[in-house]
Amino acid sequence: MNKKVGTNKKKYDDTEDLEIKEVAYFKNSSQVILLFVLIILFGFTLFSSLVFIGKYYRDDNKNAEVIEINNKNSRILITSLDDIDKKVLASDLESKEDIVLENTSNITFKTNSSAKEAGKIFFDVKYNILENNFYNNLIATNDSDLLVRFSYSFDNENWTYVNNVISTDSSNLSPLMGNYYDIAGLNTNLSIETNYELTTNPGEEKTMYWKSETIIKNANNNIDKSIKANFKVEYKEN
């Protein structure tokens, strides 16, 4: 007699494996998202750093001459930025605007709080022309290929233009309309201010800013013409 033997098939429950896979998938997805976030943050940080460094080298890392003078009752700090050094190229005339070279110099004077009286200093302001091959005009004119004007400020925002006769090594320059001076072809030193007096009370600090604007006319005949000069505040010993 044949006897059937029954076989019991065991049913496999894969619920636990699915849960493990879901956890692993979720964990991997989270890691991928975190990786992308970190990449984005790194890229943003790198970009910001490059922008900051670029701005630093463009705007702040200029050639500066800094002179500091300390004595018993006061402190003087003179900063001169950027000598004028420009050769006109054909590309400079493409904008159709005149070329404007702006240069600044400033002096800070502080009288110590321990001083018994107000402090006083004197200084000169000079625009020294080192090279200038623009065509000289027999009569000064606002239509000159090379003009300059000067101004000063105590807050670096509100400026007052110099409008007086300026002495040179051999003659004088009179202001033109708009407080401009015609310097085309001149190779000399301009004395903008002489023996200017600056005072501060004990504990007070004051900064005076000076600015020169050198204007080159947008004209084809100025291509390859050049101007070299420096603009400085010069402290005078008492």
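Student: What should I know before I look at any details?

Tutor: The model is predicted, so local features need pLDDT of at least 70 and side-chain atom pairs count only at pLDDT 80 or more, while totals for chains, interfaces and linings use all residues. Residues are numbered from 1 along each chain as its sequence is written, and side-chain values use heavy atoms, with hydrogens and water left out.

Student: How many helices and strands are there in the chain?

Tutor: Helices (H or I, at least four residues) and strands (E, at least two) are DSSP runs, numbered from the N terminus. Here you get one helix and 13 strands. From the N terminus the order is α-β-β-β-β-β-β-β-β-β-β-β-β-β.

Student: And how many of the residues count as buried?

Tutor: Buried means under 20% relative accessible area, exposed means over 50%, and partly exposed is in between (1.4 Å probe, protein chains only). Of the 238 residues, 32% count as buried. As for surface, the chain exposes about 16,200 Å², with carbon and sulfur atoms supplying 52% of it; such areas come from the Shrake-Rupley method with a 1.4 Å probe, and for residues only the protein chains shown count as cover.

Student: Which residues touch the most other members of the largest nonpolar core?

Tutor: In soluble globular proteins, nonpolar side chains tend to be buried together. A nonpolar core is a set of buried Ala, Val, Leu, Ile, Met, Phe, Trp, Tyr and Cys residues joined through side-chain atoms within 4.5 Å. The largest one here has 35 residues, and I107, Y127, F150, L190, I192 and W210 touch the most other members. Elements giving two or more residues to this core are β2 (74-81), β4 (99-111), β5 (119-132), β6 (146-153), β11 (189-200), β12 (205-216) and β13 (226-236).

Student: Can we zoom in on one of those residues?

Tutor: Take L190. Contact means heavy atoms within 4.5 Å. Leaving aside neighbours within four places in sequence, L190 is in contact with residues including V125, Y127, I129, F150, I166 and I183. Across the chain, 76% of the contacts with a separation of 6 or more are between residues 24 or more positions apart.

Student: What is N103 in contact with, beyond its neighbours within four places in sequence?

Tutor: N103 sits in strand β4 and is buried, at 5% relative accessibility. Its contacts are L81, D82, D83, I84, W210, K211, S212 and F231, leaving aside neighbours within four places in sequence. N103 and E213 are 110 residues apart in sequence, with C-alpha atoms 6.6 Å apart in space.

Student: Where is T188, and what does its side chain reach?

Tutor: T188 is in the loop between β10 (181-182) and β11. Its relative accessibility is 11%, so T188 counts as buried. Its side chain reaches the backbone nitrogen of D169 at 3.1 Å.

Student: How do I read the faces of a strand?

Tutor: In a regular strand the side chains alternate between the two faces of the sheet. In β3 (residues 84-87), I84 and K86 make up the covered face, and D85 and K87 the uncovered one. β3 pairs with β13 in the antiparallel sense over four bridges; pairing needs at least two DSSP bridges between the strands. D85 stands opposite K228 in β13.

Student: How many salt bridges does the structure hold?

Tutor: Side chains of opposite charge can pair when their charged atoms come close. A salt bridge is a side-chain nitrogen of Lys or Arg within 4 Å of a carboxyl oxygen of Asp or Glu. The structure holds six. Among them, K86 pairs with D92, with the closest N and O atoms 3.0 Å apart, and E234 pairs with K126 at 3.6 Å. The E234 and K126 pair links distant parts of the chain, strands β13 and β5, 108 residues apart. E234 is partly exposed at 28%, and K126 is partly exposed at 26%.

Student: Which residues should I check for a positive phi?

Tutor: Most residues other than glycine have a negative phi. N195, found in strand β11, has a phi near 55°. D224, in the loop between β12 and β13, has a phi near 75°. N195 is partly exposed at 43% relative accessibility, and D224 is partly exposed at 48%.

Terms used: A polar contact is a pair of N or O atoms within 3.5 Å; within protein, one must be able to donate a hydrogen and the other to accept it, and residues adjacent in sequence count only if both atoms are side-chain atoms.
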